[in-house]
Amino acid sequence: AERALRPAVIYRKLSFGTQSESGSRFIERMLTACETCRILQRSIFTYLVDAVTAHFEGQIAPSLLPAP
């Protein structure tokens, strides 16, 4: 579990954190999506394109959970 958090800790240290609560939530969510996609061997770029497309089309965002 500590190894999974290491990139987030390094990112926070190098970027000096965020300036707002909403910025912190954004970074938390992006790092979670990146790590989940890495573990599932999915493309984070493809996931983000699908999520943004779904948002603009008024649809539900794709799930990060693996298909059963």
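1. Buried denotes under 20% relative accessible area, exposed over 50%, and partly exposed what lies in between (1.4 Å probe, protein chains only). By that criterion helix H1 (residues 2-15) is hardly covered, with 0 buried residues among its 14. Helices here are DSSP runs of H or I with at least four residues, numbered from the N terminus.

2. This is a predicted model, in which local features need pLDDT of at least 70 and side-chain atom pairs count only at pLDDT 80 or more, while totals for chains, interfaces and linings use all residues. Residues are numbered from 1 along each chain as its sequence is written, and side-chain values use heavy atoms, with hydrogens and water left out.

3. The mean pLDDT (the predictor's confidence in each residue, from 0 to 100) is 86, and 99% of residues reach 70 or more. Confidence is lowest in H1, at a mean of 75, and highest in helix H3 (residues 44-56), at 95.

4. Arg6 belongs to H1 and counts as exposed because its relative accessibility is 55%. Its C-alpha atom is separated by 31 Å from that of Ala54, 48 residues apart along the chain. After H1 comes Phe16, with a positive phi near 65°.

5. Helix H2 (residues 21-40) packs with H3 at an angle of about 130°, their axes 9 Å apart. H2 is therefore oblique to H3 (angles under 35 degrees count as roughly parallel, over 145 as roughly antiparallel, 65 to 115 as roughly perpendicular and the rest as oblique). In contact (heavy atoms within 4.5 Å) are Met30, Ala33, Cys34 and Cys37 of H2 with Ile44, Tyr47 and Leu48 of H3.

Conventions
Helices (H or I, at least four residues) and strands (E, at least two) are DSSP runs, numbered from the N terminus. Axes are lines fitted to C-alpha atoms, for helices over the stretch in contact, and angles run from 0 to 180 degrees between N-to-C directions.
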